[in-house]
Amino acid sequence: FSPIGTTPVFTYANSLLNNPATVKGIRDVSWGMSARIIGIYVKVDVLYYQLELTNESPIDYDISVLRLYLRDTRKAKRTADQEIELKPLYTAGDPSRVLANTTCNLVVALQKFTLPGAKYLAIEIRELNGGRNLLLKAGNKKIMHATSLTDKE
């Protein structure tokens, strides 16, 4: 975990877990499970994505994959789908399970980036042995409006 100045990435990520929502409009719902991006923050060379996972079903949601990648917005016929996998620097919260009828927050720290016009950030959350898969799509406009973190936060 590379330090930013004197404060490590995981310190910022953990401090953002319970922040109030600052971003709206990025959401996906599937069979009683919903996921949404509620905050995008930037500090030096790291982007922090605050996710809220809500399970309104009586069945626990076990996360098998939390995947982040850049994807083309449009796919031309007979062309390869271009996906660039992004490796998180750190993930705060419990990225393995959302208990029945509860809400869980996660913060994912990624190396800073901007997107070309024809791409978006995809955050894919897949259920273990299940069909409640969620996909969040964040465009460059949302990323460019990230809240800047000061040293006091």
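Reader: Which strand holds Ser 34?
Author: Quick caveat: this is a predicted model, where local features need pLDDT of at least 70, side-chain atom pairs count only at pLDDT 80 or more, and totals for chains, interfaces and linings use all residues. Numbering starts from 1 along each chain as its sequence is written, and side-chain values use heavy atoms, with hydrogens and water left out. Strands here are DSSP runs of E, at least two residues long, and helices are runs of H or I, at least four, numbered from the N terminus. Ser 34 belongs to the run covering residues 33-43, which is strand 4.

Reader: Is Ser 34 buried or exposed?
Author: Buried means under 20% relative accessible area, exposed means over 50%, and partly exposed is in between (1.4 Å probe, protein chains only). Ser 34 has 9% relative accessibility, so it counts as buried.

Reader: Which strand 10 residue is the bridge partner of Tyr 49?
Author: Tyr 49 sits in strand 5, residues 46-55. Two strands pair if DSSP finds at least two bridges between them; strand 5 and strand 10 (residues 102-111) run antiparallel with ten bridges. Tyr 49 touches residues including Leu 106, Val 107 and Val 108 (contact means heavy atoms within 4.5 Å). Its bridge partner in strand 10 is Val 108.

Reader: How many residues of strand 5 are buried?
Author: In a regular strand the side chains alternate between the two faces of the sheet. In strand 5, one side includes Tyr 48 and Gln 50, the other includes Tyr 49 and Leu 51, and both faces are covered. Tyr 49 itself has a relative accessible area of 0%. For strand 5, the buried count is ten of ten.

Reader: What is the phi of Val 44, in the turn between strand 4 and strand 5?
Author: Strand 4 and strand 5 run antiparallel, joined by ten bridges, and Tyr 41 has Tyr 48 as its bridge partner. The two strands form a hairpin with two residues between them, and Val 44 in that turn has a positive phi of about 55°.

Reader: What is the angle between the planes of Tyr 12 and Tyr 48?
Author: Rings of Phe, Tyr and Trp (its six-membered ring) pair if their centres lie within 6.5 Å; planes under 30 degrees apart are stacked, over 60 edge-to-face, and the rest tilted. The structure has one aromatic pair, a tilted one between Tyr 12 and Tyr 48, 6.3 Å centre to centre. Tyr 12 is in helix 1 (residues 9-15) and Tyr 48 in strand 5, so the pair ties together parts 36 residues apart in sequence. The angle between the planes is 50°.

Methods
Lists of a residue's contacts leave out its neighbours within four places in sequence.
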